[in-house]
Structures are given as C-alpha cells and as structure tokens.
Amino acid sequence: IFEYKVFSLMKKILLLVLFLPSIFISTAQVKSIYDFKTTTTDGKVFDFSMLRGKKMLIVNTASKCGFTPQYKSLEKLYEKYKNHNFIIIAFPSNDFKEQEPGTNKEIKEFCTVNYGVTFPLMAKVSVTGNQMEPIYKWLTQKTENGRFDAPVKWNFQKFMVNEKGELDGIAPSSEDPLSKRITDWIETKNQNKNKR
C-alpha cells in the first residue's frame, strides 16, 4: 500500500512537471496592449504604456472613403471625453481599395484642415495581411489579445479597449463614433465583460 501511494504521488508530480511549462507558455503568449510602441505621422514614438487607466478607441482610417466624414464625429467624441480618461488613436491605412494614398504629412494636413482633428494620428500602416502592424495582430487575434478574433473588414472599424488594457469590443465601420453604444461604453465603469 505504501509503495502504491508513493508511486501515485510520483505520478502526480511528474504530470505537474510536464504540464506546468505549457500553462506558462500559453499565458506568456498573450501580450498586453501596453507592450506596444508605434510612430505618429510626425515620426515620434507613441508608447501605449502611457495610456494605462484610459479607455481607447482605436480606428483604422482613410481619406477617400465613404466613411471619411466620421473624422468629424471622432473629433466631437474626443473633445467631449478627452478629459475623462479616454483617447482616440487613428491608424491611417491604404489596405482597402487604396483609399489612403497620401503620405503621413498629407494625411495629417488633410485631417487637420478638413476635420480639425486633434486626437493622435499614427503613421500609415497595414491593418491586414502579411505586413500587418504588430498592434493590429494584437487587436484582431484571440491568440494575441486573449479575448476574441476580430479581423478588420473595412476602413473605420473601431476597437474598444478598456481602462485595464483589455479588448472590450468592436464597432463596425458603419457605426457612428457618437453612437449610444460607444458613448455608453465610455461612460460606464469597466464591467470586465466581452462586448462584441
């Protein structure tokens, strides 16, 4: 009986030794949004670790899209909530029907002159395919963000990241940034729920 108990205990220890590394490996693969850095249209480093405690609306934008007038709503949203631990971050992209052909300088000028944009504009990136910007891998893939898959389908898709740096939900291109769902999300304290 004693030998059986020892054998049983050793078996359990061996199983723990075998499975613990895989548990650590799988959790280590899920990064935090605060691990990322990117570049603004001005060529400056933008460090997401500076945004701890803020809700973020991350949007892939384009200057020649049917949804381009959403820049106006985005700016209104930013003006209303920027002093309430909220930020909008735009990533111009030419991935869809080449609707963002401009240089970073041209994009910034277009957004400022036509829509008075004051929220952070990042340098033009790819949000799909092999050249995808690393932060977009995090936003779109469950294996990276630990929440859900959400591939970018078109310009002006909106990712909602809560104040803990977790992916909370997405809003499709067609949803106005001033929609009740988005404003309610900004105004509600984090519930730690998956809201797709």
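Two strands pair if DSSP finds at least two bridges between them. Keep that in mind as we walk through this model, which is a predicted one.

Let's start with a pair of strands. Strand E3, residues 55-61, is joined to E4 by seven bridges, and the two run parallel. For one spot to look at, find Leu57: it stands opposite Ile88 in E4.

Now zoom out to the sheet around them. It's an open sheet of four strands, and if you read across it you get the order E4-E3-E5-E6, with mixed pairing. What stands at the edges? That's strand E4 (86-92) and strand E6 (167-171). Each of these has a single partner strand, so one side of each is left without a neighbour in the sheet. The sheet's neighbouring strands are also turned against each other, by 20° on average if you ignore direction.

Next, bring in a helix. H2 lies across E3, E4 and strand E5 (158-161), and H2 runs at about 155° to E4.

H2 has a helix to meet as well. The axes of H2 (residues 70-81) and H3 (residues 104-115) come within 10 Å and cross at roughly 75°. Angles of 65 to 115 degrees count as roughly perpendicular, so that is what H2 is to H3. Which residues meet there? On the H2 side, look for Tyr71, Lys72 and Glu75; on the H3 side, they meet Phe110, Cys111 and Tyr115. Sort the residues of this contact by type and you get four nonpolar, two charged and no polar.

How values were computed. Residues numbered from 1 in each chain as written. Predicted model: local features only at pLDDT ≥ 70, side-chain atom pairs only at ≥ 80, totals over all residues. Heavy atoms only, no water. Axes fitted to C-alpha atoms, helices over the stretch in contact; angles between N-to-C directions. Parallel < 35°, antiparallel > 145°, perpendicular 65-115°, else oblique. Contact = heavy atoms within 4.5 Å. Nonpolar A, V, L, I, M, F, W, Y, C, P; charged D, E, K, R; others polar.
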